Amino acid sequence: EFPSSCLVRAPLPSLAKPQGSRPSEGFLFFKHSSCEGIGNRAIIKIEPPHAIPRGSHVRLRVTITNPSEDLLGTRWDMATYQGFLKLEDCEIKVPTFTFVRPLQHAIISRGIIGEDLRPGFKSVCRFEFSYPARTPTELTQFESNSAHITRIKVTAPEGFGIPPDCLAGASGAGEGVTLPPLIGCIGTDRVANLMLTGFVEPGLAYALSIPVVNPPNGFSYLPSESRWQLRVDSAGAGDIEGPAMRILG
């Protein structure tokens with residue numbers, strides 16, 4: 001749900017381009033007068049002098065409170081109104097978040113072999129993590145899953161990229177226990193989806209290295225607000241601090 005006095009902020013800098021109509025104009029932000037949260041709705045008021053042109057591509061950040069139980073809906077709805085008259089509906093419905101249990105431990109290693117902090121260069125990012133104790137539901141799935149597949153999803157901060165064939169350069173070896181064999185890694189924009197033949201065991205220290213492409217020169221990289229996300233099956237961490245990096249102007 002949204003706080004009664006919700007906070008709206010400009011989005012983080014991004015390399016993403018709008019899709020659909022008028023992509024050349026890029027993404028817009030806006031000047032608003034207030035944001036009122038009512039349950040699962042946020043009403044953001046914009047005065048007429050700052051009205052958003054029809055057909056614009058808009059990005060924003062708004063504070064929310066995560067639910068304590070599973071969601072009933074599957075999509076976020078956005079629309080613009082003039083008074084009580086609906087003007088536009090968002091063309092693309094945004095999927096809701098997938099809520100997961102926290103990993104027992106998750107960090108990004110510093111100063112590893114292959115790490116290159118220069119802007120625009122290929123680098124290697126290595127995670128160290130431990131999986132939490134399995135839930136009863138997971139134990140049932142574990143016993144019935146004859147395929148023995150683990151899925152890992154890494155989401156890099158804005159500005160970074162993941163090579164499409166990220167299996168080349170990926171590794172499950174480190175100072176801790178070696179991960180089950182990696183059999184696939186597909187990179188899409190700044191997301192890597194990996195598959196392993198085997199299960200990770202709770203409480204053990206694992207390491208995962210993946211290839212990444214650093215933000216280009218001049219990109220407004222903000223280390224204080226740039227966070228990595230790591231999801232391993234049904235557990236994850238969404239606030240992992242990355243390495244310091246100086247992006248030249």
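**View 1. Arg61, at 23% relative accessibility, counts as partly exposed and meets the side chain of Glu225 in a salt bridge (2.8 Å, N to O).** Because Glu225 lies in the loop between strand E17 (205–213) and strand E18 (227–232), and Arg61 in strand E6 (residues 61–62), the pair ties together parts that are 164 residues apart in sequence. A salt bridge is a side-chain nitrogen of Lys or Arg within 4 Å of a carboxyl oxygen of Asp or Glu; strands (E, at least two residues) are DSSP runs, numbered from the N terminus. Glu225 is likewise partly exposed, with a relative accessible area of 33%. Here buried denotes under 20% relative accessible area, exposed over 50%, and partly exposed the range in between (1.4 Å probe, protein chains only). The model is predicted: local features need pLDDT of at least 70, side-chain atom pairs count only at pLDDT 80 or more, and totals for chains, interfaces and linings use all residues. Residues are numbered from 1 along each chain as its sequence is written, and side-chain values use heavy atoms, with hydrogens and water left out.

**View 2. Further salt bridges belong to the eight that the structure holds.** Arg126 and Glu128 form one of them, with their closest N and O atoms 3.7 Å apart. Arg126 is buried at a relative accessible area of 16%, whereas Glu128 is partly exposed at 25%. In another, the side chains of Asp239 and Arg227 meet at 2.9 Å, N to O. This pair links distant parts of the chain, with Asp239 in strand E19 (residues 235–241) and Arg227 in strand E18, twelve residues apart. The relative accessible area of Asp239 is 58%, which makes this residue exposed; Arg227, at 25%, is partly exposed.

**View 3. Six strands form an open sheet with mixed pairing, in the order E11-E19-E18-E14-E16-E15.** The edges are strand E11 (101–102) and strand E15 (182–188); each has a single partner strand, so one side of each is left without a neighbour in the sheet. Two strands are taken to pair if DSSP finds at least two bridges between them. Strand E14 (residues 149–155) runs antiparallel to strand E16 (residues 191–197), and the two pair over seven bridges. Met195 in E16 is the bridge partner of Arg151.

**View 4. One cavity of 30 Å³ or more is present in the structure.** A cavity is a set of points, on a 1 Å grid over the protein atoms alone, where a 1.4 Å probe fits but cannot get out, and its lining residues have an atom within 4 Å of a point. Grid points are joined across faces, edges and corners, and the volume is the space filled by probe spheres set on the points. The largest cavity has a volume of about 70 Å³. Its lining residues include Ile108, Glu115, Phe160, Asn214 and Trp228. Strand E13 (residues 122–130) gives the most to this lining, with three residues.

**View 5. Asn214, one of the residues lining the largest cavity, is placed in the loop between E17 and E18.** Asn214 is buried, with a relative accessible area of 4%. Its side chain reaches the backbone oxygen of Arg118 at 2.8 Å.

Methods. Helix = DSSP H or I, 4+ residues; strand = E, 2+ residues; numbered from the N terminus. 1 Å grid on protein atoms, 1.4 Å probe; cavity = no way out; pocket = protein on both sides within 12 Å on 5 of 7 lines; lining within 4 Å. Polar contact = N/O pair within 3.5 Å; in protein donor to acceptor, adjacent residues only side chain to side chain.
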